[in-house]
Amino acid sequence: MGDATTPSVAFSNASEALSQLGIPDILPTLHQAGVAIKRSILGGSHSVVTYPPLNALSKVEDSSALSSIIRYGAQTSLYIHIAFCETECTFCHYAVRKYRGQEKSSQKKTDDVVRYLSALEKEIESWGRKLHESGTTISSVYIGGGTPLILETEQLRSLLAKICEEFTLVSGIEICVEGSPLTILAPGGHEKLQALKLAGVTRFSFGVQSFNNEVLKRAARGYKRAQAYQACMIVNSVFENWNLDLIQSLYMGTPEEVWENLEILRLVRPPHITWYHGRFAARPQGDWLSVEGKREHFEGELSTLLGRMLIWRTLVDEMGYHQVDGNRFVRDPEFEDPFKKTRTSVGNDLLGLGASSYSHVDERTGQDPFFAGWFFRNHTDIAAYVEAMESGRIPIGTCMPFTPAEHLAASYVIGLRTGRTETEYDRKVAIEEPTLAAHYRTLVGGLEALGLLERFQDGSNDVLHLTLLGRLFEDEILSAFYSPDVLQALSRR
Ligand SMILES: C[S@@+](CC[C@H](N)C(=O)[O-])C[C@H]1O[C@@H](n2cnc3c(N)ncnc32)[C@H](O)[C@@H]1O
Ligand code: SF4
């Protein structure tokens, strides 16, 4: 770990690191090849978290027929979506509804939350029966949203109890719950965290997004820098393992704002940091980019790249963090998030419950060479999800059969984030799908020639990974590997 650097030294080191990569001179060549920092969402999400991307899924006509053929294997991770938040953050495109907790909300809103939780219980029961039949155990639990911490302590306790009752959890399981600074700082928030820990929660995750007051105001987060810091201190006093989300380049974000955030992180030292890059959907909250007069307040590409480099150099060289990928950093490898690996992987199954939650199941048996599994998602509309559960219908709204071709695409999209090693299965699919394999060979060759991808030998494995230059455009490059079919589906949406 190095000594704390002054801002002028840190900025000039980061600029020097960029110029060693050929930035800015190389940018026009990269742009010509379609590689540039993007400010709008990639296939339905602000970063590449899933494959296929959520916007590529097709409408399900008969959800009950689909549900009856889905087969989980020995183990799956579990995600539960709590679709309520105290704030309507201006950048967020998640399926959430505003709710300020039982005491500050109308009876109607409180009743809606109770109805949602009952719907969720029904879904837990129905999948509990199914997983019981297949002998499937749960390897990790993530209760996210939204802001689960807005629920009352009793509601959270009974949700956890229901999960334990209906599913078989592996021993020593990681259970993560999400919150927000406002819910942590609310009266009783600290006690709620302690109660969650007592109830078996092992990890906590929340976002401050920024410690800059101007950015926080524009983002409508409802707190200032001092409260964000205080929330970190409270969480740190309860949980050993916790994650903090930040977003680079939110409205009016700058490299100076990045530096301000780094100065606070030096004091807080969260075990796990996720530092996303702000990308916006054409949704009521997230439509800043399309508003004339606002667009020019977003930082340009060169500033974003400088900010990224400042983050990497300071967290890694100076503060001793391990870099997991372009967005994630851990103080110690023990704090790596096993759930994130599952969420993004196709080889590890995921069962997502609640409105908008997605699931994937790998059903490769080796018998059917043309079928590899399913990717499916519940209704994103909260009312539609609740109504489906209340009337005994399966709430799956969209899906995509996971063909071997899509499996090959996923091996690039997901694999490249931390380094892709070709498996025997990938090689077999490449023989069966020569056109697709040629498409990927050309794509990889082009990106290698631009210095964005390279190969290295790890023991007997040939690993393809992003270079430092490539990592600056990580999500953009990963999304370039969406299969031609998926790209076509996205262009139709
Ligand atoms: C579903 S939120 C859950 C955290 C919690 N509700 C909060 O805001 O503190 C997960 C994270 O996604 C990130 N996020 C949401 N919208 C984003 C966007 N448009 N661009 C980049 N990151 C975004 C934020 O960092 C947020 O903390
Ligand atoms: S960022 Fe978090 S708190 Fe804000 S609307 Fe999205 S999910 Fe809710």
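Q: Which element gives the most residues to the shell around ligand 1?
A: This is a predicted model, in which local features need pLDDT of at least 70 and side-chain atom pairs count only at pLDDT 80 or more, while totals for chains, interfaces and linings use all residues. Residues are numbered from 1 along each chain as its sequence is written, and chains are lettered from A and ligands numbered from 1 in the order in which they are written. Helices (H or I, at least four residues) and strands (E, at least two) are DSSP runs, numbered from the N terminus. With 3 residues, the element that gives the most to this shell is β7.

Q: Which elements give two or more residues to the shell around ligand 1?
A: A residue is near a molecule or strand if its C-beta atom, placed from the backbone, lies within 6 Å of it. There are 20 residues around ligand 1, and those that come nearest are H46, S180, G207, D245 and Y276. The elements that give two or more residues to this shell are β7 (203–209) and β8 (242–248).

Q: How many residues of the shell around ligand 2 are charged?
A: The residues around ligand 2 are C85, T87, E88, C89, C92, Y94, V96, G145, G146, T147 and S180. Ala, Val, Leu, Ile, Met, Phe, Trp, Tyr, Cys and Pro count as nonpolar, Asp, Glu, Lys and Arg as charged, and the others, Gly among them, as polar. By these classes the shell has 5 nonpolar and 5 polar residues, and its number of charged residues is 1.

Q: In which loop is G146 found?
A: Most peptide bonds are trans. The bond from G145 to G146, however, is cis, with omega near 10°. G146 is found in the loop between β5 (137–145) and α5 (153–166).

Q: Where is the place of P52?
A: The peptide bond from Y51 to P52 is cis, with omega near 0°. The place of P52 is in the loop between α2 (27–32) and β1 (58–59).

Q: In which strand is the place of Q209?
A: Most residues other than glycine have a negative phi. Q209 is a residue other than glycine with a positive phi, near 70°. The place of Q209 is in strand β7.

Q: Are α7 and α9 roughly parallel or roughly perpendicular to each other?
A: Axes are lines fitted to C-alpha atoms, for helices over the stretch in contact, and angles run from 0 to 180 degrees between N-to-C directions. Helix α7 (residues 189–198) and helix α9 (residues 225–238) pack at about 30°, with their axes 10 Å apart. Angles under 35 degrees count as roughly parallel, over 145 as roughly antiparallel, 65 to 115 as roughly perpendicular and the rest as oblique. The arrangement of α7 and α9 is therefore roughly parallel.

Q: Is the crossing of α1 and α11 left-handed or right-handed?
A: The axes of helix α1 (residues 7–20) and helix α11 (residues 301–318) come within 9 Å and cross at roughly 110°. That makes α1 roughly perpendicular to α11. A crossing is left-handed if the near helix is turned anticlockwise from the far one by less than a right angle, and right-handed if clockwise. The crossing of α1 and α11 is right-handed.

Q: What is the phi of G451?
A: Helix α16 (residues 434–449) has 16 residues and reaches 22 Å from its first C-alpha to its last, close to the 22 Å expected. The expected span of a helix is 1.5 Å times one less than its number of residues. α16 is followed by G451, whose phi is positive, near 80°.
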